[in-house]
Amino acid sequence: MTTLHPGDVDLRCSVAGVELPNPLMTASGCAAAGRELHQFVDVSSLGAVVTKSVMEAPRSGRGTPRMAETPSGMLNSIGLQGPGIEGFLEHDLPWLRAVGARTVLSIAGVSVAEYAQLARRLRRVLGIVMVEVNISCPNVEDRGQVFACDPGAAAAVIGAVRAELRPEVRVLAKLSPDVTDVVAVARSVVAAGADGLTMINTMLGMAIDTDTMRPVLAGTTGGLSGPAIRPVAVRCVYQVRAALPQVPIVGVGGVRSGRDALELMLAGADAIQLGTVLFHDPNAPVRIADELRAELATRGVSKLADVVGHAHRLGVT
Ligand code: SIN
């Protein structure tokens with residue numbers, strides 16, 4: 001194996017036909033619509049900015065406390081706070097376009113009709129390269145609203161969104177790890193029209209303060225993210241890549257280094273989202289891109305695409 005110079009490594013990638021200069025995106029909910037992060041990193045240099053999930057109406061979210069530290073991770077219970085679709089289109093999207101970011105809009109709803117309405121609203125909107133459909137937020141009043149926990153409900157949402165969007169706008173379905181068979185959900189949303197999958201959203205968790213003897217989060221339960229869940233993300237990506245090798249996958253879950261990103265790509269991710277790491281290292285997209293280049297260079301790999309899914313090619317060098 002010949003070691004290359006990191007500068008010779010090509011990090012370009014493609015997700016469902018959308019070409020990106022590198023595979024590193026923000027994870028939904030971890031950088032709002034990019035403005036704050038832009039103070040640290042030029043967001044136009046990222047593969048893409050994935051927005052906080054936007055719903056039809058503005059929403060204040062759950063009560064506080066909304067976040068809790070856990071060993072190697074973090075719980076959040078935000079409750080989909082956001083400006084609503086009109087607020088996003090008026091204030092956030094023009095800014096993202098002005099700075100030259102590739103924008104992936106995350107949308108969320110409480111019913112199939114709300115998702116369809118959001119997608120319909122986007123029909124004449126330019127400047128969004130993909131729509132990530134968040135069907136897996138764990139912080140909802142009713143577990144029945146976690147559409148990604150049921151293959152039929154997940155497909156109903158994705159089918160409705162696909163039917164309303166312009167065909168060239170790619171649809172990513174964001175899946176939950178809190179299911180018995182993630183492959184069944186993946187198959188179902190792909191059959192309904194998803195162009196790709198984002199895996200994984202946070203896992204439902206909970207922390208109790210042993211002094212107050214009460215739940216730490218006002219919302220009682222929350223979504224667990226960070227390095228603690230990375231092996232779960234690797235497992236989900238690996239299983240789905242094995243079952244659906246042609247379906248693009250965006251891997252997300254506890255990535256904090258170039259080596260972590262490489263691990264998810266070896267499992268089958270075409271691109272990577274960064275979430276919890278941004279809270280303590282907003283420069284992480286730049287650092288991790290450099291580290292990924294170096295990891296590939298030491299392995300003699302000149303093109304990122306060559307390592308995607310490599311862990312499936314057992315016995316092949
Ligand atoms: C939240 O806003 O509660 C988190 C959203 C998500 O995990 O999908």
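**Entry 1: the ligand**

The model is predicted; local features need pLDDT of at least 70, side-chain atom pairs count only at pLDDT 80 or more, and totals for chains, interfaces and linings use all residues. Residues are numbered from 1 along each chain as its sequence is written, and side-chain values use heavy atoms, with hydrogens and water left out.

I sorted the shell by class. Ala, Val, Leu, Ile, Met, Phe, Trp, Tyr, Cys and Pro count as nonpolar; Asp, Glu, Lys and Arg count as charged; the others, Gly among them, count as polar.

Next I looked up polar contacts, which here are pairs of N or O atoms within 3.5 Å. Gly-79 uses its backbone: an N or O atom there lies 2.7 Å from an oxygen atom of the ligand. Asn-134 uses its side chain, with a polar atom 2.8 Å from a ligand oxygen. The side chain of Asn-201 also has an N or O atom 3.0 Å from an oxygen atom of the ligand. How much of the ligand does the protein bury? Taken alone, the ligand exposes 260 Å², and the protein buries 92% of that. Those areas come from the Shrake-Rupley method with a 1.4 Å probe.

**Entry 2: the pockets**

Where does the ligand sit? I found it in the largest pocket. To sit there, more than half of its atoms must lie within 2 Å of the pocket's grid points. The search used a 1 Å grid over the protein atoms alone; a pocket is an open set of points with protein on both sides within 12 Å along at least five of seven lines, while a cavity is a set where a 1.4 Å probe fits but cannot get out. Lining residues have an atom within 4 Å of a point. Grid points are joined across faces, edges and corners, and a volume is the space filled by probe spheres set on the points.

The largest pocket has a volume of about 730 Å³. It is lined by 43 residues, and Ser-28, Gly-29, Cys-30, Lys-52 and Ile-78 lie nearest its centre. I noted that β6 (73-76), α1 (84-99) and β16 (271-274) each supply at least two lining residues. Helices (H or I, at least four residues) and strands (E, at least two) are DSSP runs, numbered from the N terminus. By class, this lining has 20 nonpolar, 19 polar and 4 charged residues.

The second largest pocket holds about 150 Å³. Its lining includes Asp-10, Arg-12, Lys-303 and Val-308. I read 5 nonpolar, 1 polar and 4 charged residues there.

**Entry 3: the cavities**

How many cavities of 30 Å³ or more does the structure hold? I found 2. The largest cavity has about 50 Å³ of space.

Leu-122, Val-125, Ile-128, Leu-165, Arg-166 and Val-169 line it. That makes 5 nonpolar, no polar and 1 charged.

**Entry 4: the backbone**

Most residues other than glycine have a negative phi, and most peptide bonds are trans. I looked for exceptions. The bond from Thr-64 to Pro-65 is cis, with omega near -5°. Pro-65 lies in the loop between β4 (49-50) and β5 (67-70). Met-199 and Ile-200 are also joined by a cis bond, with omega about 15°. I placed Ile-200 in the loop between β10 (196-199) and β11 (203-206). Lastly, Ala-16 has a positive phi, near 50°. Ala-16 is in the loop between β1 (13-15) and β2 (18-20).

Definitions and conventions
Polar contact = N/O pair within 3.5 Å; in protein donor to acceptor, adjacent residues only side chain to side chain.
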